[in-house]
Amino acid sequence: MKHLKILKSQVELNLKNYSLKGEPVIRQIRKLEDLNGIFHDHKAFSKMSSKDIIYEVQAWLPVSEGTSGGLYFGTTNLLPGRVGNEYFMTKGHYHKLSDRSEFYWGVQGVGMLILMDSDRNTWAEKVYPGSLHYIPAHVAHRVANTGNSTLIFGACWPSDSGHNYEEIAQNGFSARLLERNGEPRLKSS
Ligand code: M6P
Ligand code: ZN
């Protein structure tokens, strides 16, 4: 019975490094080998160490996956680096229920949120501490780290949105974020 009780939430967010403490918190590590096929320079990719960690997601999923009306909270630490001239980035996805939207926000470091609509128009928003991003429904999203330090971003999404990775695995985004003369540029692919 919670009536009249003053409680402490079961999960805490460390506001400095954005790590989550408590139960239940899930942790998902993505290594370079998990990102096979997403970078355009296969030769550079094959020379790199496949066991290297590229990013880690921590998330609080208070309700089971697929529940309508619930929310999930996640935090992602994306390491700096490149495969050839392409920045380290998350796999990227549409939502399985494609009309579900999401918030991302920058916490630490700098990068780009790369977005692609269902007509395959691709654009990007700068990610930096305090940047806030509304990812509309039907828009694929991924984040690239364009800086020299770990990029941390937060995310909040509906518990019934799911992830559709297949579409991106098959067709990719219609543009790539590449480094040119020290600057990130979106280039049609
Ligand atoms: C954010 C959220 C998660 C997602 C994670 C990594 O934290 O959008 O749902 O899993 O980023 O992105 P991806 O799943 O594309 O690798
Ligand atoms: Zn999402």
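Predicted model: local features only at pLDDT ≥ 70, side-chain atom pairs only at ≥ 80, totals over all residues.
How far from an oxygen atom of ligand 1 does a polar side-chain atom of Thr76 lie? The distance for Thr76 is 3.1 Å, which counts as a polar contact (a pair of N or O atoms within 3.5 Å).

| Residue | Distance to an oxygen atom of ligand 1 |
|---|---|
| Thr76 | 3.1 Å |

Residues count from 1 along each chain as written, chains are lettered from A and ligands numbered from 1 in written order, and side-chain values use heavy atoms, without hydrogens or water.

Now the shell around the ligand. There are 14 residues around ligand 1 (a heavy atom within 4 Å), and Tyr55, Glu102, Tyr104, His163 and Tyr165 come nearest. By type, the shell splits into seven nonpolar, five polar and two charged residues, with Tyr counted as nonpolar and Gly as polar. Strands S4 (53–60), S8 (102–108) and S13 (151–158) each give at least two shell residues, and S13 has the largest share, with three.

Zooming out, the chain has two helices and 15 strands (DSSP runs of at least four residues for helices, H or I, and at least two for strands, E). Its C-alpha trace spans about 60 × 35 × 30 Å along the principal axes.

Key
Polar contact = N/O pair within 3.5 Å; in protein donor to acceptor, adjacent residues only side chain to side chain.
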